[in-house]
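Here is a short briefing on a protein and its ligand. Take a look at the structure before reading on.

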Amino acid sequence: MKIGICGVGTVGASLISLIKKNQDEIGRKLEDEIVIHQVALRRENPQCDLTGINITNDIYEVAKNPNIDVLVELIGGTEDAKDLVLLAVKNKKHVVTANKALIAMHGSEIFSAARQMGVCVLFEAAVAGGIPIIKSIREGLVGNIISRIAGILNGTSNFILSEMASKKQPRAFDEVLKEAQKKGYAEADPSFDVNGIDAAHKIVILAMIGFGIKVQFEAVQIEGISEICLEDISLIDEFGFSLKPLAVAFRISDGISLRVYPAMIEKEKVFSKVDGVTNAVLVEGCSVGETLYVGPGAGGDATASSVISDLVHLSRGTNIPNEGFFDLNEAPTIEDSSIDTASYVRLDVKNITGVMASIASVLKKNGIGIESIIQREVSETIARIAIITSIVNEKVLDESLRQLDELLAVISAPTKIRIFKS
Ligand code: HSE
């Protein structure tokens, strides 16, 4: 099987080195040998040994090369990557990609073109790095009606929140983000990581496979982690929770709800212990119940491991069922859902008597109970109040927060973080 690799960044370099290093082991499991026939790169990567490989600077040359069976797309981004993949498909090449943005934004068009040409587009590496979650849902859980998928799907955000929560040496957001970039975890534009867009791309892909719906990126309700401060993390810890960047897809009355948000998880739960760049995915199926998958979510070698799994899959035969998302009926409605949840609410207030009573009165008026409360003195004139609310509909809580914000003693807009029950 002759492959052409487009893009030799972190993942491309790892892929080339892994194919060379593990050639014998991979060969044992293959029907065919994987031969890197051509590599296209737009920038040199000094960490990558390309000795003996045919190199071009033109990615489209690979898509047109008649000797290549599979194009591996690792250039990232959506516009050039889409043109490249469509050209490869038009030239009857299978495609393996790690590009979640591409699949989340243009998956329907790409799969439809692939079906017409009778080729496969595989994307195991696009979600949760080294965890084989696509194959687990598509193959392992194929007999189930999936009711819920929830995951820590962005390694960079999880790394940042874990380091900010470190007991030994909590570090500030910007400093940890820089380290994640240096380690090759973050996207070329790291705002995709911290603003929740990368996780949204991934949950859309998992929802497409799990629920059989068309890719609908615009339906995801997205909140990132960039507003989280060390003080919130410390209070959340004191309440007995960890803070995790979560992406969730679940069935509601007549559709699927898709959300990305930072969520509090009780410390004894498994998700709570998933730290650093590690990802975790919970998939709930009607027959199997809850299943959990944990592993490295970013980084060159972990992602390359998933690219190789797709290559091996192709070498064993190309009759791979893509129809799970080719022949979809009308996609279910995805509404702007509002869920019932307990939440953390933090308010900075004037340090004067009677403030707590006014806060409690607003919450009570809206039918919201206070489960626990922590009060800290910030200065002689400012106090910080953190509350865990009872379970309440989000819209009711949001309206109460608006009312709290109007109280004269409240200094800045209240912060809200939801609690996730697994
Ligand atoms: N930037 C992504 C992450 C890389 O941090 O999870 C893997 O998709």
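How many nonpolar, polar and charged residues does the shell around the ligand have? The shell has four nonpolar, four polar and five charged residues. Here Ala, Val, Leu, Ile, Met, Phe, Trp, Tyr, Cys and Pro count as nonpolar, Asp, Glu, Lys and Arg as charged, and the others, Gly among them, as polar.

This is a predicted model, in which local features need pLDDT of at least 70, side-chain atom pairs count only at pLDDT 80 or more, and totals for chains, interfaces and linings use all residues. Residues are numbered from 1 along each chain as its sequence is written, and side-chain values use heavy atoms, without hydrogens and water.

**Domains**
- The chain is divided into domain 1 (2–126), domain 2 (133–297) and domain 3 (341–419); such bounds come from an automatic or database domain assignment.
- The centres of domain 1 and domain 3, taken over C-alpha atoms, are 52 Å apart.

**Around the ligand**
- There are 13 residues around the ligand, each with a heavy atom within 4 Å of it.
- Lys 100, Thr 156, Tyr 185, Glu 187 and Asp 193 come nearest.

**Side chains and ligand oxygens**
- An N or O atom in the side chain of Lys 100 is 2.6 Å from an oxygen atom of the ligand.
- Thr 156 has a polar side-chain atom 2.6 Å from a ligand oxygen atom.
- For Lys 202, a polar side-chain atom lies 2.8 Å from an oxygen atom of the ligand.

**Cover**
- The protein covers 93% of the 260 Å² of accessible area that the ligand has on its own (Shrake-Rupley method, 1.4 Å probe).

Conventions. Polar contact = N/O pair within 3.5 Å; in protein donor to acceptor, adjacent residues only side chain to side chain.
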